[in-house]
Amino acid sequence: MLTRRHIRIKVMQCIYALTQSKDDSLEKQEKFLRYSIESMYNLYLLMLSLIIEMHQRAGEQLKLSSKKYLATTSDTYPDQEKFVNNRLLLQLVNNEALKAELKKRKLKNWYLNDEYVKILYNETVEHPLYSDYMSSGKNSYGEDKEFLASVFKEIIAPNDKIYDYFEDDKLTWVDDIPIVNTFILKLFKKANENRPTSFFLPRLLKDDADMDYAQKLLTKTLLRDAEWTKEIEGKTPNWDKDRIADMDSILLKMAICELLNFPTIPEKVTINEFLEIAKEYSTPKSSIFINGILDNLVREYKAENKLNKIGRGLI
């Protein structure tokens, strides 16, 4: 689920938080980094459980509608149970492994905040997507999957109230929400009737090496801060260090650290990754500034044989 770019962003956020708080506790930041990464999986699970709760809400409304005395729009649908019988939705609802994971992590957010379930359910049934789906007369897994993916993309993911709720719950989730939403959408599109229950419980990290990479990048960037500062000052002689934006300074130090301490990561990958992060998190001109410094440093490191890169993908 998490890519190396997302991991770099997590490390950047930890270092930024440390510089702003003036707290030099490396141990605290290491714990926060691990917590920030691992809690992202809770966000993923909560998103899926929100969809499950919407299904439960639909079932309750279906029972109530069977007892009413006045006809409504839903009575005109060929199959009024089509939504609650959505095959992809049922794969989530009946996933015992998913239920167990939610229980183990004690994620009962929607039981305590069911107003969000009601809001999303009401927005769904009032949306043209719902009426088109319910009245199509078709019955296939493909249609079920396309409908649920569209509901997630058009209604659930962009909902401001859900975004505000997650932001209030955990500030670290602000940057995680787009990543998790994109992942879920891709997951739905890859789903089929034969997927095992484990398909909906993917690994957060590709392997243990990703967490090792995150911890090493954090600790080496912080512990050798003075060294990285000198490297930057050597390439910006006409700049007062106070004029360099805090975020630019952090990204430069992280990039230098990665260039010199991670031999399996090609220098072009390092430079491109940090330039993309700078475009999103720093000033409009930051990527140009950072690119100029890193280009000069790479040429210098190569001339001095400081870049000992190994493995595939090297030029």
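This is a predicted model: local features need pLDDT of at least 70, side-chain atom pairs count only at pLDDT 80 or more; totals for chains, interfaces and linings use all residues.
Local features need pLDDT of at least 70, side-chain atom pairs count only at pLDDT 80 or more, and totals for chains, interfaces and linings use all residues. Residues are numbered from 1 along each chain as its sequence is written, and side-chain values use heavy atoms, with hydrogens and water left out.

**Exercise 1.** State how many helices and strands the protein chain has, and what its C-alpha trace spans.

Step 1. Helices (H or I, at least four residues) and strands (E, at least two) are DSSP runs, numbered from the N terminus. The protein chain has 15 helices and zero strands.

Step 2. Along the principal axes, its C-alpha trace spans about 80 × 40 × 35 Å.

Step 3. Take contact as heavy atoms within 4.5 Å. Of the contacts between residues at least 6 apart in sequence, 83% join residues at least 24 apart.

**Exercise 2.** Describe the largest nonpolar core and the surroundings of F166.

Step 1. Buried means under 20% relative accessible area, exposed over 50%, and partly exposed in between (1.4 Å probe, protein chains only). Of the 315 residues in the protein chain, 47% are buried.

Step 2. A nonpolar core is a set of buried Ala, Val, Leu, Ile, Met, Phe, Trp, Tyr and Cys residues joined through side-chain atoms within 4.5 Å. The largest one has 98 residues, and Y44, F166, F188 and L294 have the most contacts inside it. Helix α2 (residues 26-65) gives the most to this core, with 15 residues.

Step 3. Apart from neighbours within four places in sequence, F166 contacts L43, L46, M47, W110, W173 and I177.

**Exercise 3.** Locate S36 and decide whether this residue is buried or exposed.

Step 1. S36 lies in helix α2.

Step 2. With a relative accessible area of 2%, S36 is buried.

Step 3. Not counting residues up to four places away in sequence, S36 touches K10, T172 and D176.

**Exercise 4.** Identify the buried and exposed residues of helix α12 and what the buried ones pack against.

Step 1. In α12 (residues 225-235), the buried residues are W228, T229, E231 and I232. They lie on the same side of α12, because they cover an arc of only 160 degrees around the axis; the arc is that of the directions from the helix axis to the C-beta atoms.

Step 2. The face turned away from the buried side carries the exposed residues A226, K230 and G234.

Step 3. The buried residues of α12 pack against α11 (208-223), α13 (246-261) and α15 (286-303).
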